[in-house]
Amino acid sequence: MKKIIVAIDSFKGCLTSTEANQAAAEGVLSRMLDTQVVQIPVSDGGEGFMAAFQQALGGDLVEIPVRDPLMRRITARYLINGTTAVIEMAQASGLTLLSEEERNPMRTTSYGTGQLVVDAVRRGCNQVIVGLGGSATSDCGIGMIRAIIDSFADGGTWDDIRALDDVHFTIATDVTNPLCGENGAAHVFAPQKGATLEMVLELDTRAKRFAEFSARHFGFDCQNTPGAGAAGGLGYAFLQYTHAACRSGVDLLLEAVGFDELLKDAFLVITGEGSADRQTLMGKLPFGILQRAKLQNVPVALIAGRIADRQVLLDAGFSQVVCINPPGLPIEEAMKPETAKVNIRQTILHVVLK
């Protein structure tokens with residue numbers, strides 16, 4: 001029996017990873033009945049990261065009250081498996097929690113993410129994995145730090161906290177940007193969170209000031225460590241203040257599901273994302289899958305709702321690069337979940353497996 005692995009990232013605003021995988025699996029089985037289809041929900045650290053880990057490892061979802069990016073009361077969830085917590089920062093501090101008019105990284109805070117960390121530690125977790133994606137913030141993680149101080153050193157300072165002494169943090173992100181400068185958190189990411197040019201300059205100045213203060217205090221400086229610019233500088237706060245390890249979200253998840261072992265007798269891998277172009281090769285999920293599959297000579301087909309730089313993607317090693325949408329399909333129609341599911345099924349049936 002042939003085995004095909006399906007590991008498609010979410011089509012943002014349209015399909016979850018699980019929904020996209022299911023549509024692809026249906027396409028496979030409608031042509032190749034005698035096939036084992038292994039579906040792997042995936043995420044690179046953003047949307048769906050926690051759910052993908054739960055499907056891979058099991059565990060229980062914990063729901064607690066936290067503050068959103070504007071300090072309003074909401075409920076957010078994180079995953080506990082044994083003494084490991086998996087936190088998706090966007091649950092508490094995500095851009096999707098705000099309306100278009102509310103987006104303003106001069107005001108938004110990562111305080112709620114700190115509350116998730118506090119709750120996990122209080123429940124006995126000593127391994128905390130944080131997916132840094134989809135943030136509404138550009139506060140360098142100061143809100144997160146304040147929430148932890150408020151809970152574990154009320155009236156004191158970060159140096160008074162002992163609750164984190166035996167806790168190991170890992171941040172999951174495909175962002176390698178530094179904290180400050182032209183390639184930093186404010187300049188690259190703040191505009192999509194509602195920042196004007198003036199705000200970007202002010203946010204970058206604030207970040208430099210905070211990093212300089214922190215470096216003097218601790219005697220080391222993580223502002224240029226890859227990943228420091230992730231999630232509006234929340235990556236920096238974890239690196240500088242908790243000595244977190246920075247890992248690719250793709251690699252963390254693929255290791256958790258035993259992806260390399262699953263590849264050993266696979267005939268084909270089908271991966272994908274909403275929009276694929278040369279940036280796919282800059283640490284995004286399909287590229288992480290491709291790199292592992294290449295080592296075992298398993299071909300990888302890439303599907304997406306939009307394709308650019310097709311030849312670049314083929315040259316990188318994808319066996320096929322296929323757009324699921326027929327030419328001329330209006331974007332409003334393409335973004336409908338049922339339309340996307342049908343188009344994925346049809347693409348697998350008539351193009352990928354032709």
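Predicted model: local features only at pLDDT ≥ 70, side-chain atom pairs only at ≥ 80, totals over all residues.

Residues are numbered from 1 along each chain as its sequence is written, and side-chain values use heavy atoms, with hydrogens and water left out.

**Stop one: helix α4.** Select residues 111-122, a helix of 12 residues that spans 17 Å from first C-alpha to last, close to the expected 16 Å. (Helices are DSSP runs of H or I, at least four residues, numbered from the N terminus; the expected span is 1.5 Å times one less than the number of residues.) Is α4 mostly enclosed or open? It's largely enclosed by the rest of the structure, because 10 of its 12 residues are buried (under 20% relative accessible area; exposed is over 50%, partly exposed in between, with a 1.4 Å probe and protein chains only). Among the buried ones are Tyr111, Leu116 and Asp119. Now click Gly124, which follows α4 and has a positive phi, near 95 degrees.

**Stop two: Arg292.** Select Arg292, which is buried at 15% relative accessibility. Arg292 forms a salt bridge with Asp260, with the closest N and O atoms 3.1 Å apart (a side-chain nitrogen of Lys or Arg within 4 Å of a carboxyl oxygen of Asp or Glu). Arg292 sits in helix α11 and Asp260 in helix α10, so the pair ties together parts 32 residues apart in sequence.

**Last stop.** Select Arg247, Asp251, Glu255, Asp260 and Arg292 together to see a network of salt bridges.

Note on methods:
Helix = DSSP H or I, 4+ residues; strand = E, 2+ residues; numbered from the N terminus. Expected span 1.5 Å × (residues − 1).
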